[in-house]
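Q: I am new to this structure and would like to go through it step by step. Could you show it to me?

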Amino acid sequence: MSFLFGSRSSKTFKPKKNIPEGSHQYELLKHAEATLGSGNLRMAVMLPEGEDLNEWVAVNTVDFFNQINMLYGTITDFCTEESCPVMSAGPKYEYHWADGTNIKKPIKCSAPKYIDYLMTWVQDQLDDETLFPSKIGVPFPKNFMSVAKTILKRLFRVYAHIYHQHFDPVIQLQEEAHLNTSFKHFIFLVQEFNLIDRRELAPLQELIEKLTSKDR
C-alpha cells in the first residue's frame, strides 16, 4: 500500500525494504493491496485461504515497516534532539531503548535517536534470511511469531510518538488521512491475530476505539 506523498515528502527515513517480485510473498502483498482497494480494512487483514500465517504476518510486517518509515520520514524535521529529548507518547508514557544484544540495559535517549535505533534494529531482522526467509520452501523459524510480535510492538511506538508529539505538522502536511488509514490497518492486523498486548496499546487506546468502532 504505497501512499502517494508529494515529492517533497517522499524521502524515506531508511531504505525501503522490497519484497522480491515474482516471489510468493510478492503475490501475497499484491493480494493485500487488492483487498485494501475495496476499502474494507477488516477484510484486508484476514489470512487468505490456504496461506501460511507466518508468511502472511511477515509480509504485513515488512509493509508496515515501509509505511511507518515513510510517515516518520515526512516529519523528521520536527522530531529533533531539542523538540523530543525523550522518546514519549504523551506525558504518561516514556520509552527507553534496549535491543538485548548491543544495548542490554535500557537507555534513555531522544526520540530521533530511539526511532533510529528501532528502525535499524527492525531492518536488521527483516534482512535476516533465517528470521524472514524470502525464498520459497525455506521454513520460518519456530520463534517467528514472538519475533514478529516484538517488531510490531516497537513499530507501534513510532505511531504513538507521531500522534502524541507531532500531530500538528501531520495536519499541516495534510497527511492526517494517510496516517489514520495506515494506523487503522495496523491495528486491525494486530487485533486479528492478537499480536500486541493490550497494555502496550494504552497510549493510543482512545484513538483505537474511535478508529475501529465504525467497522465492528
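Q: How many residues are in the largest nonpolar core, and which of them have the most contacts inside it?
A: This is a predicted model. Its largest nonpolar core has 67 residues. Those with the most contacts inside this core are Leu155, Phe156, Tyr159, Phe183, Phe186 and Leu204.

Q: Which helices supply at least two residues each of this core?
A: They are α1 (24–37), α2 (41–44), α3 (53–74), α4, α5 (144–165), α7 (176–192) and α8 (205–213). The largest share comes from α5, with 12 residues.

Q: Take Phe183, then. What is Phe183 in contact with, leaving aside its neighbours within four places in sequence?
A: Phe183 is in contact with Phe156, Tyr159 and Tyr163, and also with Leu204, Leu207, Ile208 and Leu211. Of these partners, Phe156, Tyr159 and Leu204 are also listed among the core residues with the most contacts.

Q: Let us step back. What does the secondary structure of the protein chain come to?
A: It comes to eight helices and two strands. Read along the sequence, the pattern is α-α-α-β-β-α-α-α-α-α.

Q: And why is the radius of gyration of the protein chain said to agree with a compact globule?
A: A compact globule of 216 residues would have a radius of gyration near 17 Å, and the protein chain has 17 Å, so the two agree. Along the principal axes, the C-alpha atoms fill a box of roughly 50 × 40 × 35 Å.

Q: What percentage of the residues count as buried?
A: Of the 216 residues of the protein chain, 50% count as buried.

Q: What about contacts between residues at least 6 apart in sequence: what percentage join residues at least 24 apart?
A: In the protein chain, 74% of those contacts join residues at least 24 apart.

Q: New topic: cavities. How many cavities of 30 Å³ or more does the structure hold?
A: The structure holds one. The largest cavity contains about 30 Å³ of space.

Q: Which residues line the largest cavity?
A: The lining consists of Leu71, Thr74, Ile75, Ile162, Val170, Glu175 and Leu179. By class, five of these residues are nonpolar, one is polar and one is charged.

Q: Now some single residues. Where is Gln125 found, and why does Gln125 count as buried or exposed?
A: Gln125 is found in helix α4, which covers residues 111–126. Gln125 counts as buried because its relative accessibility is 14%, and the cut-off for buried is under 20%. Leaving aside neighbours within four places in sequence, Gln125 is in contact with Leu131, Phe132, Val147 and Ile151.

Q: What about Lys184: where is its place, and is Lys184 buried or exposed?
A: Lys184 is in helix α7. Lys184 is buried, since its relative accessible area is 17%. Between Lys184 and Pro139, the C-alpha distance is 30 Å in space, and the two are 45 residues apart in sequence.

Q: Last topic: backbone angles. What is the phi of Gln174?
A: Gln174 has a positive phi of about 60 degrees, although Gln174 is not a glycine. Its place is in the loop between α6 (167–172) and α7. Gln174 is exposed, with a relative accessible area of 71%.

Q: And what is the phi of Asn194?
A: Asn194 has a positive phi of about 50 degrees and is not a glycine. Asn194 lies in the loop between α7 and α8. At 58% relative accessibility, Asn194 counts as exposed.

Conventions: Residues are numbered from 1 along each chain as its sequence is written. This is a predicted model: local features need pLDDT of at least 70, side-chain atom pairs count only at pLDDT 80 or more; totals for chains, interfaces and linings use all residues. Side-chain values use heavy atoms; hydrogens and water are left out. On a 1 Å grid over the protein atoms alone, a cavity is a set of points where a 1.4 Å probe fits but cannot get out, and a pocket is an open set with protein on both sides within 12 Å along at least five of seven lines; lining residues have an atom within 4 Å of a point. Grid points are joined across faces, edges and corners, and a volume is the space filled by probe spheres set on the points. Ala, Val, Leu, Ile, Met, Phe, Trp, Tyr, Cys and Pro count as nonpolar, Asp, Glu, Lys and Arg as charged, and the others, Gly among them, as polar. Helices (H or I, at least four residues) and strands (E, at least two) are DSSP runs, numbered from the N terminus. Buried means under 20% relative accessible area, exposed over 50%, partly exposed in between (1.4 Å probe, protein chains only). Contact means heavy atoms within 4.5 Å. A nonpolar core is a set of buried Ala, Val, Leu, Ile, Met, Phe, Trp, Tyr and Cys residues joined through side-chain atoms within 4.5 Å. The radius of gyration is taken over C-alpha atoms; the globule rule is 2.2 Å times the number of residues to the power 0.38.
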